[in-house]
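Colleague: Could you walk me through this one? I would like to start with the aromatic rings and then move on to the helices.

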Amino acid sequence: DLATFARHHVEQQPRDAWGWLSLGLATRRLADNATAAAAFDSAMARLDTRGRARLNRIDRVLPPGDSARRANGSDAERAAYQRLYWAMSDPLWSRGGNESHTEYMARVTFAELRWTVDELGVRGADTDRGDIYIRYGPPSLVAAFGAQHGSTGGNPVDAITLSTIWAYDTGLMFV
């Protein structure tokens, strides 16, 4: 459904970067890497410099020590490192496209669409959930547990505590 909606949207508004990002996400999840890569390239070309830099921050997947070392370099050094990183992380370098980078962009886009709260100035990729999702990918299991607090004799519930657990096949779990 998202792919259909995004295709229609970019036909109507071809300059909208978020339409292209949505198309990239949808086609990546449909295993159409070539279309996803082209859509993400189109989106990045339409974003301003600040938006492009924020979404394509490589430190989202680097170990903290490497992130700190990269932050001290010049813009040209950081750009060169980023190009090298994505080239080296592509397991199928002999095939066209870079599936690792395309998957990264799909995760960033999902996090932005899922956890952004414009009214509060919260960007989804910069949240704790977004950080985990981008770094580790979609969890193998998601479970949510809730408890009601403050209910007294038929009065409305004052508060509900909700805990969400993300579990990965690697044994990682986040609450």
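This is a predicted model: local features need pLDDT of at least 70, side-chain atom pairs count only at pLDDT 80 or more; totals for chains, interfaces and linings use all residues.

Colleague: How many aromatic pairs does the structure hold?

Modeller: A pair of aromatic rings is described by the distance of the centres and the angle of the planes. Rings count as paired here if their centres lie within 6.5 Å. On that basis, the number of aromatic pairs in the structure is eleven.

Colleague: Tyr-133 and Trp-166 form one of them; is it stacked or edge-to-face, and how many residues apart are the two?

Modeller: The ring centres of Tyr-133 and Trp-166 are 6.5 Å apart, and with 70 degrees between the planes the pair is edge-to-face. Both Tyr-133 and Trp-166 are buried. The pair links distant parts of the chain, Tyr-133 being in helix α8 and Trp-166 in strand β2, and the separation is 33 residues.

Colleague: What is the angle between the planes of Tyr-168 and Phe-174?

Modeller: Tyr-168 is buried because its relative accessible area, 10%, is under 20%. Phe-174, at 23%, is partly exposed. Their rings form an edge-to-face pair, 6.2 Å centre to centre, with planes at 90 degrees.

Colleague: Within what arc do the buried residues of α6 fall?

Modeller: Helix α6 covers residues 75-88 and reaches 20 Å from its first C-alpha to its last, close to the 20 Å expected. Its buried residues are Tyr-81, Gln-82 and Trp-86. Seen down the axis of α6, they line one face of the helix because they fall within an arc of 125 degrees.

Colleague: And which exposed residues does the face turned away from that buried side carry?

Modeller: An α-helix has 3.6 residues a turn, so residues three or four places apart point the same way. Turned away from the buried side of α6 are the exposed residues Ala-76, Glu-77, Arg-83 and Met-88.

Colleague: Is Thr-109 buried or exposed, and which residues does Thr-109 touch?

Modeller: Thr-109 is found in helix α7. With a relative accessible area of 1%, Thr-109 is buried. Leaving aside residues up to four places away in sequence, its contacts are Leu-21, Ser-22, Leu-25 and Phe-40.

How values were computed. Residues are numbered from 1 along each chain as its sequence is written. Side-chain values use heavy atoms; hydrogens and water are left out. Helices (H or I, at least four residues) and strands (E, at least two) are DSSP runs, numbered from the N terminus. The expected span of a helix is 1.5 Å times one less than its number of residues. Buried means under 20% relative accessible area, exposed over 50%, partly exposed in between (1.4 Å probe, protein chains only). The arc is that of the directions from the helix axis to the C-beta atoms. Rings of Phe, Tyr and Trp (its six-membered ring) pair if their centres lie within 6.5 Å; planes under 30 degrees apart count as stacked, over 60 as edge-to-face and the rest as tilted. Contact means heavy atoms within 4.5 Å.
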